[in-house]
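Please take me through this structure.

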Amino acid sequence: MKVIGFTEHLPIDNPHSLYEFQTAVPKPHPHDLLVNVAASSVNPVDTYIRKGGRGKLKSPKIIGYDACEIVVKTGAAVTLFKPGDRVFYAGSILRPGSNSEYQLVDERIVGHAPQTLSDAQAAVIPLTSLTAYEALFEQLGISQSSQTNSGKTILIINGTGGVGSVATQLAHLAGLTIIATASHPKGIQWTTEHGAQLVVNHHQDLVKQVRSHGYKYVDYILGLSNIDAHWKEMCQLIKPNGSIASITENRRPINLSLLTKKRAHFAWEWMYTKSYYSTPDMITQHQILDRVAQLLDDNLLSCTLTKELTPFTAANLRKAHQLVESGHMIGKVAISAWE
């Protein structure tokens with residue numbers, strides 16, 4: 001089968017940063033699905049892993065953490081899917097990724113693909129929707145009842161990215177008043193179209209901007225960009241007994257004592273925790289993806305695909321990485337159709 005990977009952590013403009021090679025089709029373990037990858041998307045995690053190490057790897061590493069495909073074969077213990085099913089998932093960072101014609105993935109982190117979306121459209125959904133869903137409803141503890149959330153507010157820092165685009169929609173469905181950040185006209189339009197009632201600029205003082213709209217505090221904050229730059233602002237804006245969650249790594253120690261008097265909560269969201277540690281609740285990712293697929297098919301969520309590259313080649317995959325690395329990507333990019 002065709003595979004795209006790397007052995008050196010090179011700049012993306014180097015042709016060897018991602019290159020094509022051949023390898024054997026893998027055999028499924030008991031809970032595995034063997035899938036034929038139709039489309040994949042690129043997320044920041046792909047670029048971090050590709051460029052973030054040192055030295056030369058002994059064998060090529062295959063990344064890719066979003067995909068839509070057809071089940072070809074199932075392991076002996078599989079009960080959720082059968083050959084021929086069209087599925088989507090984000091996979092596991094412990095296993096070879098979706099930048100390959102065939103891939104193995106544990107059925108418990110796989111969902112049935114939305115019927116109304118193309119392969120490329122479905123491929124951009126899993127990682128961002130799982131991250132947004134877990135952050136909002138598991139880590140922040142937000143109710144999914146719009147009646148319960150009446151009058152409650154959330155600040156989403158970086159509403160234009162992949163996770164922010166889904167989080168604003170899910171928060172809107174949950175009945176929250178959403179204040180999201182964006183810094184240019186296209187981003188502001190994109191964010192409001194996805195459910196934000198108010199938009200503020202994350203390059204300016206967030207405290208002054210939010211309070212100028214009449215909100216001294218907010219009930220929830222979801223940090224999706226540069227926690228170091230925004231931590232003090234987040235601590236100032238969070239309501240007493242409120243909750244903050246973040247998906248971005250900190251380079252400086254986080255001063256949790258800033259939350260002490262407010263008795264506020266802070267949690268990290270890492271979508272890969274369940275598959276990385278094989279947690280007992282790992283199957284919830286299957287359930288979340290099926291729920292998200294239904295919301296998409298019911299037109300309650302909209303797809304966040306803004307760029308599709310075809311065919312699925314190393315050159316196009318490098319282009320997709322360049323788009324994500326630019327830091328100016330609105331929505332998501334997908335690569336589809338192996339040659």
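This is a predicted model: local features need pLDDT of at least 70, side-chain atom pairs count only at pLDDT 80 or more; totals for chains, interfaces and linings use all residues.

A: Residues are numbered from 1 along each chain as its sequence is written, and side-chain values use heavy atoms, with hydrogens and water left out.

Q: At what angle do helix α3 and helix α4 pack?

A: Axes are lines fitted to C-alpha atoms, for helices over the stretch in contact, and angles run from 0 to 180 degrees between N-to-C directions. Here α3 (residues 126–139) and α4 (residues 162–173) pack at about 50°, and their axes are 8 Å apart.

Q: Which residues of α3 and α4 meet?

A: Contact means heavy atoms within 4.5 Å. Among the residues that meet are Thr-128, Tyr-133 and Phe-137 in α3, and Gly-162, Val-166 and Leu-170 in α4.

Q: Which residues of helix α1 are buried?

A: Buried means under 20% relative accessible area, with a 1.4 Å probe and protein chains only. In α1 (residues 44–51) these are Asp-46, Thr-47 and Arg-50. Seen down the axis of α1, they fall within an arc of 95°, so they line one face of the helix. An α-helix has 3.6 residues a turn, so residues three or four places apart point the same way.

Q: What covers the buried residues of α1?

A: The cover includes β1 (2–8), β3 (32–42) and α10 (314–325).

Q: Why does Gly-162 count as buried?

A: Gly-162 counts as buried because its relative accessibility is 12%. Leaving aside neighbours within four places in sequence, Gly-162 is in contact with Thr-128, Gly-331 and Lys-332.

Definitions and conventions
Helices (H or I, at least four residues) and strands (E, at least two) are DSSP runs, numbered from the N terminus. Buried means under 20% relative accessible area, exposed over 50%, partly exposed in between (1.4 Å probe, protein chains only). The arc is that of the directions from the helix axis to the C-beta atoms.
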